[in-house]
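Hi everyone, thanks for coming.

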Amino acid sequence: VPVLLRQLPSSPTVAVVAFLKGGLSATAPGDAGLENLVWTVASKQTEQFDKATMAQELTRLGAQLSHQIQAGSSAFALDAIAENKEESLAIFLDALAHPRFSDEELNLARERQLSTLANNFADPDSRIGSLAAKAHYGDHALALDPLGDETSLQSFGVDDLSRKHAEVLNRSRLFISIAGNIERASVESLLGPTLSGLEAGTPAPAVTAVVGADESTPLLEQRELPTVYIRGLFPAVDPESTDYPAHLLAHRILSQELWEEIRTKRNLAYAVSAGIQKAKPNSGFLYITTAEPNAALPVIRETVARLAEQPLTPEDVVNSAESLRTGMLMQMEDPLSMAQSLGSYEVSSGGWKRLEQIIAELPDVTPAQVQKAMRESVQHVDFAVLGDLSKVDKELLESM
């Protein structure tokens with residue numbers, strides 16, 4: 001099992017993140033929400049620690065377990081105090097490799113997940129994110145909700161948890177990222193016994209292409225809200241591409257320009273932003289919540305066109321690059337964020353060195369490269385709309 005270790009001798013904490021390749025992209029429609037249940041239950045009880053003991057030990061040690069189902073991988077993480085790393089890691093590894101699945105804990109996890117789904121449906125920002133994924137990805141696995149749906153969740157039993165756990169936890173899929181105050185020898189001695197017992201397993205299936213990515217397919221949902229929520233997704237450059245730093249910076253600049261044009265100058269929106277992800281297949285996004293969508297949407301289109309047609313000054317590009325670079329570095333200030341960032345790039349975005357390469361290359365991006373990136377991007381946008389649909393001209397959604 002490959003392990004990435006970033007030693008931070010002065011850090012008071014240690015973070016360990018187990019990445020399991022596959023994630024949402026490898027999820028069958030009938031299994032939506034199942035892996036999230038697996039790691040929810042795993043973080044509560046194991047073969048060695050019953051629920052009460054595990055909770056008491058984690059509290060005593062000052063350790064926390066967390067998990068997230070991502071596009072190309074799932075992550076099960078430990079955030080621990082350095083002086084308690086041996087005991088904390090023992091619990092983490094037992095939860096990772098030997099969770100105890102019971103009907104009682106499954107039912108509790110299911111009810112919590114159903115409650116979260118209901119809250120997400122009621123929350124406009126969460127709902128518009130789900131609608132945008134469906135509009136852009138269609139029948140692709142990436143359109144699935146990591147939490148599943150009521151039908152799928154009600155169908156799962158303890159045997160399904162065991163089946164999913166055995167499917168995703170193996171040497172072919174596992175990658176571990178560690179950051180903090182810990183020595184290599186300690187890592188090897190603590191992880192070795194557990195990892196050596198894992199099956200070779202089957203690698204995660206290759207991610208399939210998104211069908212219809214070159215067509216705009218708006219998805220609209222009527223709801224009585226004070227403002228209209230709009231989120232659009234579009235195909236974006238691969239993180240491994242040499243053009244990715246320029247595209248990343250171009251969309252950061254686009255986000256800043258949209259805020260200036262729509263929020264500051266015209267006061268047309270409460271919030272507006274843009275950006276690109278680092279997944280495979282990759283996507284970018286536009287987001288706005290506004291009471292005047294028919295006035296705001298043309299400004300988005302005009303701002304994109306202006307950035308594609310008119311180069312910025314070198315000073316503006318350098319300033320934006322330094323701001324973005326600083327933000328990316330600040331996102332890795334603590335060991336858990338660093339382990340998550342480096343590990344995420346390793347499993348899905350060209351390797352952990354790619355992250356440091358991108359950060360290093362940002363100050364060298366030129367105005368011409370930013371202009372080129374905008375000419376190549378924000379095309380075939382799949383918009384999702386939530387709110388008073390009588391306020392939205394559908395032709396505006398189909399014009400980008």
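Let me start with a term: buried means under 20% relative accessible area, exposed means over 50%, and partly exposed is in between, with a 1.4 Å probe and protein chains only. By that cut-off, E105 counts as buried because its relative accessibility is 2%.

Now the ground rules. This is a predicted model, where local features need pLDDT of at least 70 and side-chain atom pairs count only at pLDDT 80 or more, while totals for chains, interfaces and linings use all residues. Residues are numbered from 1 along each chain as its sequence is written, and side-chain values use heavy atoms, leaving out hydrogens and water.

How many salt bridges does the structure hold? There are 20, taking a salt bridge as a side-chain nitrogen of Lys or Arg within 4 Å of a carboxyl oxygen of Asp or Glu.

Back to E105: its partner is K51, with the closest N and O atoms 3.1 Å apart. E105 sits in helix α4 and K51 in helix α2, 54 residues apart; helices here are DSSP runs of H or I, at least four residues, and strands are E runs of at least two, numbered from the N terminus. K51 is partly exposed, at 34%.

Next, D243 pairs with K372 at 3.8 Å. D243 lies in the loop between β7 and α9, and K372 in helix α14, so this pair ties together parts 129 residues apart in sequence.

R306 and E261 also meet in a salt bridge, at 3.7 Å, N to O. R306 is in helix α10 and E261 in helix α9, so parts 45 residues apart are tied together. E261 is buried, at 12%, whereas R306 is partly exposed, at 25%.

Finally, a network of salt bridges links D31, D160, R163, K164 and E167. Thanks, everyone!
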